[in-house]
Amino acid sequence: MWNDTEVPLAVFFTFRSYGTWLHGDERGSVDRYQNIHGTPRIPKNAKWKTFNEGLLNRPPLVLNAAQRKSVERAIIDTCEKRNWDLLAFNIHTNHVHIVADIRAKKPSQALIALKANATRRMREDRVWEDEETPWADKGSKRRLWNEKSVSEAIDYVINRQGDDLPDYDWW
């Protein structure tokens, strides 16, 4: 069944840590011109990847266990304070997935709030002391218009992300 309103039932957010998925990467990528659902990603291009690596002003950020825990608390707190329904989330070493009903707020503003609060919380917890943001620019804000798409996004975030990451860093 399709949602006839102009308000999505939920939004599937994805944002990456700094420098961990560059254009030219073997996984492919998207940009503002090639970002239509279902279209192929930009293919691997070693020269483009090398060029983009040269643009980095610091090493890529791989989130450790303490940083992931801090981001988790920030996501939960942000959703509680804004009265958003947090439907699913998963924090990896290089990206974050969130499915939430943000109550018709603009998804771009919600993404900014999620990333900003995650950064603030990491700084408060003293697991991020850099002046720069730990996040790559922008992020994905996929609007979910019907119950099937919400259910599939939740399933993807919870069940199709590989094994759970341990809460320790010695592995």
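Hi everyone, and thanks for coming. Before we start, please keep in mind that this is a predicted model, where local features need pLDDT of at least 70, side-chain atom pairs count only at pLDDT 80 or more, and totals for chains, interfaces and linings use all residues. Residues are numbered from 1 along each chain as its sequence is written, and side-chain values use heavy atoms, with hydrogens and water left out.

Let's begin with charges. Side chains of opposite charge can pair when their charged atoms come close. Here a salt bridge is a side-chain nitrogen of Lys or Arg within 4 Å of a carboxyl oxygen of Asp or Glu. How many salt bridges does that rule give? The count comes to eight.

Take Lys69 and Glu72, whose side chains form a salt bridge at 3.6 Å, N to O. Both residues sit in helix α2, residues 65-81, three residues apart, which is about one turn of the helix. A helix here is a DSSP run of H or I with at least four residues, numbered from the N terminus. Lys69 has 36% relative accessibility, so it counts as partly exposed. Glu72 is partly exposed too, because its value is 24%.

Next, look at helix α4, residues 147-159, where Glu152 and Lys148 are four residues apart, so about one helical turn separates them. Their side chains meet in a salt bridge at 2.5 Å, N to O. Glu152, at 40%, is partly exposed, whereas Lys148, at 57%, is exposed.

Now for a group of four. Which residues are linked in a network of salt bridges? They are Arg73, Asp77, Arg121 and Asp125. Within this group, the side chains of Asp125 and Arg121 meet at 3.3 Å, N to O. Arg121 is buried, with a relative accessible area of 17%, while Asp125 is partly exposed at 27%.

Finally, find Thr119 in helix α3, residues 107-124. Why does Thr119 count as buried? Because its relative accessible area is 7%. Leaving out residues up to four places away in sequence, Thr119 touches Trp128, Thr133, Pro134 and Trp135. Contact here means heavy atoms within 4.5 Å.

That's my tour, and I'm happy to go back to any of these residues with you on the screen.

Terms used:
Helix = DSSP H or I, 4+ residues; strand = E, 2+ residues; numbered from the N terminus. Buried < 20%, exposed > 50% of the residue type's maximum accessible area, 1.4 Å probe, protein only.
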